[in-house]
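This report describes selected side-chain and packing features of one protein model. The sequence and structure come before the text.

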Amino acid sequence: MKMKLQILFADDSKMFRFYVSEMLKSAGHTVDVVTDGDEIFEQIRSGLRPDVIVTDNNMDRVDGIEVLRRIRDDDEFNYIKNLPIVVFSSDSRIGSVKNFVTRLGGTFVDKKGDNLLAAVDAIAAVIAKERG
């Protein structure tokens, strides 16, 4: 039986927010949807404790790499420092984005090709194993 996750999902594209959140919900996950990195931090500060964050990289106020960097490095988020974070992008600088994400301990997914659901399922399997 596949573990169902609490996912905090951010994307500034209304169409993509709808598509991805419905896909994740159809897979049985609970999804909280926000429009950018600032809203991710607002949700966490207000007490939301997701199992995983899935975030677009290219957003207006705070992008996905900045979300990942702050959660990994900022003392304010020490209690979720190791939270799984998936950053996805269709950026033309895909190689450098992937390198940043990997170096910061995140999972990178290419919007144009990689399977986001497969990445989330892999994270769910690891969390299920850790929780026994």
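Asp36 is buried, with a relative accessible area of 6%, where buried means under 20%, exposed over 50% and partly exposed in between (1.4 Å probe, protein chains only). The model is predicted, so local features need pLDDT of at least 70 and side-chain atom pairs count only at pLDDT 80 or more, while totals for chains, interfaces and linings use all residues. Residues are numbered from 1 along each chain as its sequence is written, and side-chain values use heavy atoms, with hydrogens and water left out.

**Surroundings of Asp36**

Asp36 is placed in the loop between β2 and α2; helices (H or I, at least four residues) and strands (E, at least two) are DSSP runs numbered from the N terminus. Its side chain reaches two backbone nitrogens: that of Asp38 at 3.0 Å and that of Glu39 at 2.9 Å. Apart from neighbours within four places in sequence, Asp36 is in contact with Ala10, Met59, Arg61 and Val62, contact meaning heavy atoms within 4.5 Å.

**Salt bridges**

A salt bridge is a side-chain nitrogen of Lys or Arg within 4 Å of a carboxyl oxygen of Asp or Glu. By this rule the model has nine salt bridges.

| Asp11 | Lys111 | 3.3 Å |

In the salt bridge between Asp11 and Lys111, Asp11 lies in the loop between β1 (6-10) and α1 (14-26) and Lys111 in the loop between β5 (107-110) and α5 (116-131), so the pair ties together parts that are 100 residues apart in sequence. Asp11 counts as buried because its relative accessibility is 0%. Lys111, at 27%, counts as partly exposed.

Arg61 is partly exposed, with a relative accessible area of 48%.

Asp56 belongs to strand β3 and Lys111 to the loop between β5 and α5, so the pair ties together parts that are 55 residues apart in sequence. Asp56 is buried, at 3% relative accessible area. Salt bridges that share partners join Asp36, Asp38, Glu39 and Arg61 into one network.

**Packing of α1 and α5**

Two packed helices are described by the angle between their axes and the distance between the axes. How do α1 and α5 cross? Their axes come within 11 Å and cross at roughly 45 degrees; axes are lines fitted to C-alpha atoms, for helices over the stretch in contact, with angles from 0 to 180 degrees between N-to-C directions. That makes α1 oblique to α5, since angles under 35 degrees count as roughly parallel, over 145 as roughly antiparallel, 65 to 115 as roughly perpendicular and the rest as oblique. Val20, Met23 and Leu24 of α1 make the contact with Leu116, Leu117 and Val120 of α5.

**Val87 in strand β4**

Val87 is found in strand β4 (residues 85-89) and counts as buried, at 0% relative accessibility. The C-alpha atoms of Val87 and Phe108 are 5.1 Å apart, although 21 residues separate the two along the chain. Not counting residues up to four places away in sequence, Val87 touches Thr55, Asn57, Gly64, Leu68, Val101, Thr107, Phe108 and Val109.

Key:
A polar contact is a pair of N or O atoms within 3.5 Å; within protein, one must be able to donate a hydrogen and the other to accept it, and residues adjacent in sequence count only if both atoms are side-chain atoms.
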